[in-house]
Amino acid sequence: MSHADTTRVQQHIGDPLSESPPVGRAKLEEIFRDIQSDLRFDHQLNGCLNCGICTATCPSAHYYDYSPREIVQLLWTENLEGIYDAMQEKIWACAQCYTCAARCPFGNSPGGLVMLMREVAIKHGLESAKNVLRPFSRVMLKLISTGNQLSPDMISRDAFPDWGPNISKVDAPLATLRKAIPVPTLHTTKTAWEVNLKTSVELYTIWEETGVLESLKTVDPNLFDVIGDIMDEKRDDYSDWQEEQQEAEED
Ligand code: SF4
Ligand code: SF4
């Protein structure tokens, strides 16, 4: 039986340190239900001994005010206010390395649960999700419009001035390293970003059907509009190409 059928959510469970919930009870429950009803939830949360092994092996816990044990406990005890609170900042500290999942004696996947919480944060347009994703708008634009974002010729000191001062310390034999990457079509931005029209249109359908575009609309409406225009243009080009092929066959 799934957690969704045997919920232990009670009216009076909440964070005892929180004087007033930041959002209404109904919203807190809606957010929790969205996390809990995901198919992956029951596979990733089987119980929790509160042993802390996950936190002891978690690299992010060493550097941030973050503990996978705490996240799992919040979910396991259905602490709706604590869950909402963790979604404001803490869940974004996870590096998604899944060391925790390999170590948990209960077979939990704290990193996987964090991923679910992130997806729900995006779905609900939480400010934390918008803030975390904002610097990646250029990446999302390329990724969604072409299916690729990075090609080896972009790994250079000049390509990413917005990556901060440490990018200027890149001093590796980049030309040699790029040749070592075994996918020849990805050697330059030109070849990586020139995507077959049919492939592009298929990708757009995948983004639409899987809800990726709907999520993007929630967290970045401007980027959503830009990508929508690119998609319309490519779909028109693909239709024109199909018509040309049809006419050529009839001639
Ligand atoms: S999630 Fe697993 S490793 Fe972490 S505290 Fe709970 S039982 Fe221990
Ligand atoms: S997946 Fe996240 S929570 Fe788990 S060990 Fe890695 S950084 Fe920590």
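Let's start with helix H13 and its buried residues: Ser200, Val201, Leu203, Tyr204 and Trp207. Buried means under 20% relative accessible area, exposed means over 50%, and partly exposed is in between, with a 1.4 Å probe and protein chains only.

A word on the source. This is a predicted model, where local features need pLDDT of at least 70 and side-chain atom pairs count only at pLDDT 80 or more, while totals for chains, interfaces and linings use all residues. Residues are numbered from 1 along each chain as its sequence is written, chains are lettered from A and ligands numbered from 1 in the order in which they are written, and side-chain values use heavy atoms, leaving out hydrogens and water.

Back to H13. Helices here are DSSP runs of H or I with at least four residues, strands are runs of E with at least two, and both are numbered from the N terminus. H13 covers residues 197-209, which makes 13 residues. The expected span of a helix is 1.5 Å times one less than its number of residues. For H13 that gives 18 Å, and its end C-alpha atoms are 18 Å apart, which agrees.

What covers the buried residues of H13? The cover includes helix H10 (137-146), helix H14 (212-219) and helix H15 (221-250). Contact means heavy atoms within 4.5 Å.

Now the two ends. Asn196 caps the N-terminal end of H13, with a side-chain oxygen 2.8 Å from the backbone nitrogen of Lys198. That is a polar contact: a pair of N or O atoms within 3.5 Å; within protein, one must be able to donate a hydrogen and the other to accept it, and residues adjacent in sequence count only if both atoms are side-chain atoms. Just after H13, Gly211 takes a positive phi of about 85 degrees.

Look at Trp207 in H13. Trp207 is buried, with a relative accessible area of 18%. Which residues does Trp207 touch, not counting those up to four places away in sequence? They are Leu143, Ile144, Val212 and Leu213. Trp207 and Ile144 are 63 residues apart along the chain, yet their C-alpha atoms are separated by 7.7 Å.

That takes us to H10. Its buried residues are Met140, Ile144, Ser145 and Thr146. Their cover includes helix H9 (127-133), helix H12 (189-193), H13, H14 and H15. Just after H10, Gly147 takes a positive phi of about 90 degrees.

Next, salt bridges. A salt bridge is a side-chain nitrogen of Lys or Arg within 4 Å of a carboxyl oxygen of Asp or Glu. How many are there in the whole structure? A search finds 8.

One is in H13 again. Lys198 and Glu202 meet at 3.0 Å, N to O. They are 4 residues apart in H13, about one helical turn. An α-helix has 3.6 residues a turn, so residues three or four places apart point the same way. Lys198 is partly exposed at 42% relative accessibility, and Glu202 is partly exposed with a relative accessible area of 42%. Elsewhere, salt bridges that share partners join Asp38, Arg40 and Glu119 into one network.

Two further pairs. Arg25 bridges to Glu29, the closest N and O atoms being 3.1 Å apart. They are 4 residues apart in helix H1 (residues 25-36). Glu127 bridges to Lys130, with the closest N and O atoms 3.8 Å apart. Both lie in helix H9, 3 residues apart.

Now the largest nonpolar core, with 42 residues. A nonpolar core is a set of buried Ala, Val, Leu, Ile, Met, Phe, Trp, Tyr and Cys residues joined through side-chain atoms within 4.5 Å. Ile35, Ile71, Leu75, Ile83, Met87, Ile91 and Met117 touch the most other members. Helix H8 (residues 110-123) gives this core its largest share, 7 residues. Take Ile35: its contacts, beyond four places in sequence, are Phe41, Leu75, Ile83, Met87, Leu116, Met117 and Val120.

Last stop, Gln44 in helix H2 (residues 41-44). Is Gln44 buried or exposed? Gln44 is buried, at 13% relative accessible area.
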